[in-house]
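Please keep the sequence and the structure in view while reading.

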Amino acid sequence: MSKKILLVLNPNSGVGVPAKIIEEFYNTLDNNGYDVDISFTKRAKHATEIVENAEFYDLVFSIGGDGTLNEVVNGNFKRKDKMTICPLPTGSCNDVASMLGYEKDLLHNLDLALDGEVKTIDIGTINNYAFTYVVGMGKFMDIPYSTSRDKKSRIGYLAYIKDGINEFFNETKMHKASICADGVEIEGDYSLIIVSNSNHIAGVPGFHKDVKLDDQKFEVLLCTANNKTKLVNSFIEFYLGMKPKNMISFKANDLNIRLSEIPEKNWCVDGEKLEDNSNYYHITANNSMDFLVPKNKTKKLFLNNDV
């Protein structure tokens with residue numbers, strides 16, 4: 001019996017994918033004996049609906065950016081019979097796919113996938129909404145979802161850079177928060193809170209060091225810098241492996257975050273806006289999902305390296 005594959009393709013992600021490439025992609029799978037179906041997304045959250053309501057497939061290709069992958073993962077998260085996911089990047093920012101070893105050429109990525117291996121990756125939830133690699137709030141965190149689609153289509157990743165520079169000159173707002181991380185209480189005023197399961201964030205590789213995608217632990221970063229100069233210096237020092245005084249970094253499995261007030265800007269989840277905007281967030285790393293990844297490219301990202 002041939003394996004069944006579903007292609008979930010976002011035609012509006014990044015600068016799009018030429019029809020000729022899609023046809024060649026499909027034909028390659030078909031010629032290799034796979035039974036292939038294609039679903040094109042037509043609106044926000046459509047990929048979630050497609051995957052949640054689909055019959056069982058041996059493999060689901062998420063062809064788009066991190067936002068498309070988030071929708072695919074959420075659809076899979078709602079299923080009893082979970083399917084294996086393979087993220088192939090065509091978006092403006094493709095942190096997850098890049099971290100896992102996929103490149104820019106879609107057809108080359110198909111070769112990597114067909115010769116790849118299945119790895120189990122931790123999936124986080126924030127107030128019961130699944131995310132693949134990062135959630136955050138505060139300074140700069142609205143840029144991924146507030147940058148216009150038209151701008152991303154025209155100039156790609158540079159759109160985020162442009163809007164990020166504009167945000168840099170805005171006021172750095174502080175958020176008073178009480179955080180319980182694996183039973184340990186932390187209180188403070190933070191300009192930025194990032195909870196992630198990735199070493200590749202906002203297009204920056206090696207953002208976190210020694211990340212394991214299957215350890216049921218998040219990398220938590222709390223920034224207390226209260227102005228743009230301190231903020232930039234802190235991030236440079238953190239990226240260089242130093243321990244800036246305005247950064248608190250640790251690993252945790254379970255977080256309860258209570259803010260003193262509802263933030264003006266929603267949390268960012270995998271580059272998209274989290275619709276649940278309140279002053280309380282429960283974040284856990286207790287779920288997992290199978291991903292198809294390039295062989296031998298990501299050994300250091302996993303505790304379990306059994307194929």
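In what follows, a residue is called buried under 20% relative accessible area, exposed over 50%, and partly exposed in between. The model is a predicted one.

**Overall form**

The secondary structure of the chain consists of nine helices and 18 strands. Its radius of gyration is 19 Å, close to the 19 Å that the globule rule gives for 307 residues, so the chain is as compact as a globular protein of that length. Along the principal axes, the C-alpha atoms occupy a box of roughly 55 × 40 × 35 Å. Buried residues make up 53% of the 307 residues.

**Strand pairing**

Strands of a sheet pair through backbone hydrogen bonds, in either a parallel or an antiparallel sense. Strand E1 (residues 4-9) is largely enclosed by the rest of the structure, because five of its six residues are buried. E1 pairs in the parallel sense with strand E2 (residues 35-40) over six bridges, and within this pairing Ile5 has Val36 as its bridge partner. E1 also runs parallel to strand E3 (residues 59-64), to which five bridges join it; here the bridge partner of Val8 is Ser62.

An open sheet of six strands has the order E14-E13-E10-E7-E16-E17, with antiparallel pairing. Strands E14 (247-252) and E17 (272-273) stand at the edges with a single partner strand each, so one side of each is left without a neighbour in the sheet. The antiparallel strands E13 (residues 218-223) and E14 are joined by six bridges, and Leu221 stands opposite Ser249 in E14.

**Salt bridges**

The count of salt bridges comes to eight.

| Salt bridge | N to O distance |
|---|---|
| Arg43 and Glu49 | 2.7 Å |
| Lys173 and Glu261 | 3.7 Å |
| Glu219 and Lys251 | 2.3 Å |

How accessible are Arg43 and Glu49? Arg43 is partly exposed, with a relative accessible area of 45%, and Glu49 is partly exposed at 34%.

Lys173 and Glu261 form a salt bridge. This pair links distant parts of the chain, 88 residues apart: Lys173 is in the loop between helix H8 (158-168) and strand E8 (175-181), and Glu261 is in the loop between strand E15 (254-259) and strand E16 (268-269). Lys173 counts as partly exposed at 32% relative accessibility, as does Glu261 at 46%.

The side chains of Glu219 and Lys251 also meet in a salt bridge. Glu219 lies in strand E13 and Lys251 in strand E14, so the pair ties together parts that are 32 residues apart in sequence. Glu219 is buried at 4% relative accessibility, whereas Lys251 is partly exposed at 38%.

A disulfide is a covalent bond between the sulfur atoms of two cysteines. How many disulfides does a search of the whole structure find? The search finds zero. Cys86 is buried, with a relative accessible area of 0%, and Cys180 also counts as buried, at 18%.

Val232 belongs to helix H9 (residues 228-239).

How values were computed
Residues numbered from 1 in each chain as written. Predicted model: local features only at pLDDT ≥ 70, side-chain atom pairs only at ≥ 80, totals over all residues. Heavy atoms only, no water. Buried < 20%, exposed > 50% of the residue type's maximum accessible area, 1.4 Å probe, protein only. Helix = DSSP H or I, 4+ residues; strand = E, 2+ residues; numbered from the N terminus. Pairing = 2+ DSSP bridges. Disulfide = S-S within 2.5 Å. Rg over C-alpha atoms; globule rule 2.2 N^0.38 Å. Salt bridge = Lys/Arg side-chain N within 4 Å of Asp/Glu carboxyl O.
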